[in-house]
Amino acid sequence: MPKSCYIHIPFCSGKCKYCSFISFNKTELIPQYISALSCEIQKYYGNENLKTLYFGGGTPSVLPIKYISQIINLLNIDNNTEITFELNPENGSEEYLKKLKELGITRLSIGSQTFNDKILKLIGRRHNSKKIKETVINAKNAGFENISLDLIYGLPTQTRDDIKRDIELINDLNIQHISTYGLKIEKESFWGKNSPKNIPDEDTQADMYEDINKLLYDYGFYRYEVSNFAKKGYESRHNLVYWNNSEYYGFGLAAHGYKDKVRYSNPITLNEYFANPLKRKNEKKLTEQDIIEEEIFLGFRKAEGIDIREFKEKFNIDFEQKYGEILNKYADFIIKTKKGYAFNLKGTMLSNEILPEFLG
């Protein structure tokens, strides 16, 4: 049974130009949404003691505290539950953060994206670099000891020096976790319909990713997944649920979940969700082959890679025997670990080209 839960909050103060997530600037609908969300949770949640709970969006920090409390009270959590809450700096007052801490939130994920004020304005963010720093200080004053910042690389006009400066400023803040994402322009986003100018080319973005890896390593972070870096002991336990191919609940508009070998997703329009929050949009029962392929795809996202003993126990497949030719073919990109196999940095950067050979 699932021991983790994702809650989607589909509201924002406004859309950023790169954003293709399901979110709406309709905060007046929050009370109706919380009512529908509560119905869904009460229908499908099996009262398992949750090891992780994640509030994502959208922007969860547009929610008044009373609604966050209402959601948490529907779930079985304890002092050992990792509860992550995504927060934008413009919502990061010390008063709000203290109330989050009182509710039992243990981990913050702050949508900083960059410390370059010109680029922040260009991409449609509603904060500046000063506000990021203030939010981190407020979080620490509120008692948070597990803080993550988001960083996007490959943004318009952004240079490698900009990235290096961002990393230096993040290090100065003495936080525990960093999530880094290369800019991807989806057709649903503003930029998908209005192509931005001065985007760094693919080679420069690759250089940026290598710079990020080197600088963060020098500052005491290690990459435990393609996009995520942590100081030891501060890995996102919730996100590791996804990469370990474990089951989890997904509640809310556009949320995805995985239970009893079924991957499911919810409606993506508010009208449809309000009409019937109990109706799934899609459900897919995974075959054994589906699960094997997901195990490989997700496993290779992690820096520790595939544990071949666990793979054998789960699927009765000798990983080295079945995939030996591929392992040899990409020996320059795949390393042998104590437990199995993992991509090195170059392999990680070429994973979209290599992984299909393991699948199917």
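This is a predicted model: local features need pLDDT of at least 70, side-chain atom pairs count only at pLDDT 80 or more; totals for chains, interfaces and linings use all residues.
Q: What is the angle at which α6 and α8 pack, and how far apart are their axes?

A: The general idea first: two packed helices are described by the angle between their axes and by the distance between those axes. In this model, α6 and helix α8 (residues 202-218) pack at about 25°, and their axes lie 10 Å apart. Angles under 35 degrees count as roughly parallel, and α6 and α8 are therefore roughly parallel to each other.

Q: Which residues of α6 and α8 make that contact?

A: From α6 come Arg 160, Ile 163, Lys 164 and Ile 167, while α8 supplies Thr 204, Asp 207, Met 208, Asp 211, Ile 212, Leu 215 and Leu 216. Sorted by class, the contact of α6 with α8 has 6 nonpolar, 1 polar and 4 charged residues.

Q: How do I read the helix pairs α2 with α3 and α1 with α2?

A: Helix α2 (residues 65-72) and helix α3 (residues 94-103) pack at about 15°, their axes being 11 Å apart. α1 and α2 pack at about 5°, with 10 Å between their axes. Under the cut-off quoted above, α2 and α3 are therefore roughly parallel, and α1 and α2 are therefore roughly parallel as well. For α2 and α3 the crossing is right-handed.

Q: Which residues meet where α2 touches α3, and which make the contact of α1 with α2?

A: Ile 65, Ile 68, Ser 69 and Ile 72 in α2 meet Tyr 96, Lys 99, Leu 100 and Leu 103 in α3. By class, that contact holds 6 nonpolar, 1 polar and 1 charged residues. On the other pair, α1 brings Ile 30, Pro 31, Ile 34, Leu 37, Ser 38 and Ile 41, and α2 brings Tyr 67, Gln 70 and Ile 71. The contact of α1 with α2 divides into 7 nonpolar and 2 polar residues, with no charged ones.

Q: Turning to strands, in what order do the 9 strands form their open sheet?

A: The order here is β7-β8-β6-β5-β4-β3-β2-β1-β9, with mixed pairing. β7 (222-225) and β9 (249-251) each have a single partner strand, so one side of each is left without a neighbour in the sheet. Neighbouring strands of this sheet are turned by 25° against each other on average, direction ignored.

Q: In which sense do β5 and β6 pair, and which helix packs on the sheet touching both?

A: Strand β5 (residues 147-153) and strand β6 (residues 177-182) pair in the parallel sense over 6 bridges. One place to look is Tyr 153, whose bridge partner in β6 is Gly 182. Helix α6 (residues 160-172) packs on the sheet and touches β5 and β6, with a direction at about 175° to that of β5. Elsewhere, helix α1 (residues 30-44) lies across β1 (4-9) and β9, running at about 155° to β9.

Q: How is the sheet of 3 strands arranged?

A: Read the order and the pairing again: β10-β11-β12 form an open sheet with antiparallel pairing. The edge strands are β10 (256-259) and β12 (282-285). The twist averages 15° from one strand to the next. Strand β11 (residues 262-265) pairs with β12 over 4 bridges, and Ser 265 stands opposite Asn 282 in β12.

Q: How are the rings of Phe 11 and Tyr 33 placed?

A: A pair of aromatic rings is described by the distance between the centres and the angle of the planes. The model counts 20 aromatic pairs. For Phe 11 and Tyr 33, the centres are 5.4 Å apart and the planes stand at 90°, so the pair is edge-to-face. Phe 11 lies in the loop between β1 and α1 while Tyr 33 lies in helix α1, so the pair ties together parts that are 22 residues apart in sequence.

Q: Which residues does a cis peptide bond join, and where does Ala 254 lie?

A: Most residues other than glycine have a negative phi, and most peptide bonds are trans. In this model, a cis peptide bond joins Gly 57 and Gly 58, with omega about 20°. Gly 58 sits in the loop between β2 (52-57) and α2. Ala 254 has a positive phi of about 65° although it is not a glycine, and Ala 254 lies in the loop between β9 and β10.

How values were computed. Residues are numbered from 1 along each chain as its sequence is written. Side-chain values use heavy atoms; hydrogens and water are left out. Two strands pair if DSSP finds at least two bridges between them. Helices (H or I, at least four residues) and strands (E, at least two) are DSSP runs, numbered from the N terminus. Axes are lines fitted to C-alpha atoms, for helices over the stretch in contact, and angles run from 0 to 180 degrees between N-to-C directions. Contact means heavy atoms within 4.5 Å. Angles under 35 degrees count as roughly parallel, over 145 as roughly antiparallel, 65 to 115 as roughly perpendicular and the rest as oblique. A crossing is left-handed if the near helix is turned anticlockwise from the far one by less than a right angle, and right-handed if clockwise. Ala, Val, Leu, Ile, Met, Phe, Trp, Tyr, Cys and Pro count as nonpolar, Asp, Glu, Lys and Arg as charged, and the others, Gly among them, as polar. Rings of Phe, Tyr and Trp (its six-membered ring) pair if their centres lie within 6.5 Å; planes under 30 degrees apart count as stacked, over 60 as edge-to-face and the rest as tilted.
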